[in-house]
Amino acid sequence: MTPGARSSDPSHLLQEFRTNLDGCWKQNTYCGRHYIKTNEVLRWMTSVKAEHKATNLNRLHDEVWRSRPNSTFKPSAENFSSGVDCAIIVFSVLLAIDYGHLLDLFVEANITDASVHTASAEYHYKILKQYLERAEVPNADTVVESFKERKWSFCPVVLKRRMHGDFPRRCVFPYYKRQPVNGKGGTAEVFQVLVPAECIEQDLREFLQGSRIEYQDEGQFYELALKSYASQNQEMFEWEKNAFAGLEDQEGMVRYIGHYSFEEAPGLWTHNILLEFGELDLDEFFAHEYSSPPVRSLEIISFWKSLFKIAEALRRIHNLKIRRDGETQEFHGWHADVKPDNILRVHGEFKLVDFGFTKFKKKGNQATPREYMVGGTQTYGAPETDQSRFKTRTPHGQTIDTWSFGCVLSRAATWVILGQQGILQYDFVRKAAIKRLREQGPAEHRANSGCPTAHDAFHNGRTVLPAVIQWHHYLRSIVRTSDITSCRVLKLVEERMLLEDPEKRVTSAELCVELEDIVLLAKAKTDKDALGKRIAESLLTDLFNFDKEAPANQAQASHPKPAKSTKASGRIGKSQRLDNIPPAKTAHRAEMLTKELQIPKPLLESPQIQFGTILDEPSGIHGSHMHESPNGYIDVQEDASFVPPLPLSPTSQINGATVLTEPYSWRPSELVLASHLSPRSAVADLDHDRPSSTNQVIELRGDIGSTLQSDKSRGKMPLHETSAVEQGYQQRRVSKVTSHPGEEQPDRTSATSRMSTRRDSKLESAEISKPRSSSITFADLFAAAREPPPLDQNYDICRVKEDLEQTRHRITGNVKVDKFLRDFIVNRDMIFVVDNGSSMLQFWPSVSFVLETLAMKLAPLDKDGLDLVFTSAPQKTHKGKGSQAGTRFVKLLVKKKPAFPQNAAEEVKTDMTETLGVIFNEYIRSNKNKRMTLLVLTDGLWRGTKCETAVETKIADFVRQTPLNGNHMEDRRFSISFIRFGDYPEAIARLQRLDDDFSGLYKVPDMIDHVPWTGRVRKMILGSFVAHEDD
């Protein structure tokens, strides 16, 4: 027998088990304790060696049973290997303390893998002792105590979502590493911890997918934040724990995992909260050596848009809604400590954290909620919260958070314009101004209304510090020409946020609207200016590659910076000085250039200082290769050394088929033949000498569409043409979709829906119309009554409705006028067209919600009143005016709701051609030549329209025959916005073609837009006639 074969001997098998316990199965923790990797133990126990038929569990049980005194029949180990009596881990503990032969008695006493770590185990130990004594096992007490002591290393705490409880000091928490986070925490310490993947339950793994890292060669870990309170601060722990319980899963806030108390020593407990880990706080992000402020307009806009999400988080806190057990409770909330330290960068997004001073109060009849606040940071605190101002406690309104966030925005604008040195200068200016205040004489001191408690506050004790306004003027005088956003932010901060009177400050709900307007206006101006300021693509590519190669932290730098040596003159050598300047990443550059250059797999995480390396899901196309990402992590994805030529395409050929991927991802989402895709003008490859294959996919973007280089794409292509292969593909898609007729999520603007997308702008005309054929049958739609799709509160339409309800006047019912929309809708008639064909039945609750919300939004802007037309009776127009327009329209929807058809003969089929024809005829007859927009709420199926091209032809004829422009220069005086319900592929393709191809095909203005009802509300309203909204 060979030496290797001897290890399969039972005695050697037991030795192998013990060796593994002290070796490969043993995992040390940060505090010197250890636990056993039970997953590996289970794998080993249930495995079978090549030269044996029995599992290792069976063979070990056979071996140790021999030492059982007074034994007769040996129980089968199979009884302990699965099911409710599974006791493999219990057996492993017994083997470790040399009592493996007693396994059957432990199982009989109900001590199994499922119960060994539960509270009821103590009861079972009493029963076990009786069984041991009955079996004449000597020293029964010793057996039980030895097992109870040894079991802890085999039962490490497994982290779960919403975990809670008290853990005695013998419990082993599987923290491989634990280190303080830059001295964070006042009443509590904050730690960064690494937890092995095997100690995280599956639901928590999915919840923390972005926090998975590969640490050195030790395997996969999850990176978490641990906030630990000492015993004397238990009250603060309870406060923050309760706040997290109310804010759980709210967007824009660091996500809560769970809480627990742990006995560090006899009678000494710590109280802990587990959270997702943030790489950097806002101040650290500004000060990071390997990160620099954004430069180009889109980069600057992207940074501000990301930071503005904190306003959304504040809005949710101020107007908290908790839905549990079918009931909704509403609360007023205060964060009370908004500052850069409490804004974290988490996986590339800014999130709000630290709710130690947060308070909630159930909503009542109080017009302006007020609450007594304790704590907070004086530097960013509002004047009315300053400790030097009041000797008694005073309740405060929610706009204390408005002031604090205004200070944050002021500081952020400084960084965008001047960088980190500018922030240091700004802090110095405020400190100097407050120092001068404190040095004034008593009379002057009283005249100037006192001094703030903090030496670097943004106020002088009562109103905004004059030095802050002066600093803003200074920033405006030096801002770069590409920055069209920061000055608007400063204007908002001065006029609406840093105000002495709390009642005059903007509320968080109003602030979100103001900030959204800033982004939209900046983007519109950027789009307009970009037409005459194009930058060479080669230069942008070089900038992207520089940013990609720049290190994200010191660990990634190609070589550590050596100590500076000086010449005899005292000056540092020029080459050394230049060589030691680290290249830095520009904020949001990779993100924006990825979109602009169509790079499919961006590396967009923010700079981090981390334990290890992050893992992405493996790509299904190029295989898995380890490489350094911008975060100092190793990404399981394509080889980083490979930089494909631009423009790039997220597609790949597999056995002659094109793999379509999600936007900016290399993960395949559908496998479709290249011939299924609609042609479009190809984008030339940078390698001009490379011959192009007939079926080669050159470009495919989720926000633009597919591009094929083929002979067919250069010729004439009718707008309606659908190949037999494409119809077959759609039919397969329909059979999948119609069984689950859900709606798009708000962050998925129908990536797969855009596969038919734009065609060559050189297309000249359509061929003769073909009779329409649909792959959707009556049975597909009405085989059974369907539940309406769920209404997700994260949809923009829900957010808008909530804001409207909050601003509605209690007596008149009027809502606040949207000043941004008012400038665009002046003298424009808005007509709602509701498709009430039978196929819309399942979407009727959503249609009602959308129509009511849009009517509430638009009614104050249309003095003549809103019009509503149904496709079943387009000749009749219904009017809605003022604050009651939404309510009136909802009542009409109840009357016009389509009935469920029992058979095909009862189905009401929508003929959109007829409906539009009636509206067009009335427009021509009235001879008003007014601005008009149709908001068409439809599923896009139009099963009563006989010809595929009938609708587009009807619109084109109307545009050509009607002097829409008259003496005006407007291209979109008349426009149509199709608001889509459902995700039927043929409907999506039809509406997308109208949006993308209609203008070029018929040589008319681009007057049609298409947006799902889950999309942005402003795009629904403005997308058809405002260029920058038609994206």
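Which residue is the bridge partner of Arg323 in β13? In this predicted model, the bridge partner of Arg323 in strand β13 is Thr328. The pair belongs to the contact between β12 and β13 (residues 327–334), two strands that run antiparallel and are joined by 6 bridges. Both strands are part of an open sheet of 3 strands, in which the order is β12-β13-β16 and the pairing is antiparallel. The edges of this sheet are formed by β12 (319–324) and β16 (359–362), and because each of these has a single partner strand, one side of each is left without a neighbour in the sheet. When direction is ignored, neighbouring strands of the sheet are turned against each other by 40 degrees on average.

A further set of pairings involves strand β14 (residues 343–346). On one side of this strand point Ile343 and Arg345, while Leu344 and Val346 point the other way, and all of these residues are buried. Strand β14 pairs with strand β10 (residues 280–281) in the antiparallel sense over 2 bridges, and here Arg345 of β14 stands opposite Leu280. Strand β14 is also joined to strand β15 (residues 349–352), with which it runs antiparallel, by 4 bridges, and in this pairing Ile343 is placed opposite Leu352 of β15. The strands β14 and β15 form a hairpin with 2 residues between them, in which His347 adopts a positive phi near 50 degrees.

Among the helices, α12 (residues 297–307) and α14 (residues 399–439) have axes that come within 12 Å of each other and cross at roughly 160 degrees. Since angles over 145 degrees count as roughly antiparallel, α12 is therefore described as roughly antiparallel to α14. The crossing of these two helices is right-handed. On the side of α12, the contact is made by Ile300, Phe303, Trp304 and Leu307, and on the side of α14 by Phe405, Leu409, Ala412, Ala413, Trp415 and Val416. Sorted by class, the contact of α12 with α14 consists of 10 nonpolar residues, with no polar and no charged residues.

The C-alpha atom of Gly83 is separated by 9.8 Å from that of Ala114, a residue that is 31 residues apart from Gly83 along the chain.

Technical notes. Residues are numbered from 1 along each chain as its sequence is written. This is a predicted model: local features need pLDDT of at least 70, side-chain atom pairs count only at pLDDT 80 or more; totals for chains, interfaces and linings use all residues. Side-chain values use heavy atoms; hydrogens and water are left out. Axes are lines fitted to C-alpha atoms, for helices over the stretch in contact, and angles run from 0 to 180 degrees between N-to-C directions. Angles under 35 degrees count as roughly parallel, over 145 as roughly antiparallel, 65 to 115 as roughly perpendicular and the rest as oblique. A crossing is left-handed if the near helix is turned anticlockwise from the far one by less than a right angle, and right-handed if clockwise. Contact means heavy atoms within 4.5 Å. Ala, Val, Leu, Ile, Met, Phe, Trp, Tyr, Cys and Pro count as nonpolar, Asp, Glu, Lys and Arg as charged, and the others, Gly among them, as polar. Buried means under 20% relative accessible area, exposed over 50%, partly exposed in between (1.4 Å probe, protein chains only). Two strands pair if DSSP finds at least two bridges between them.
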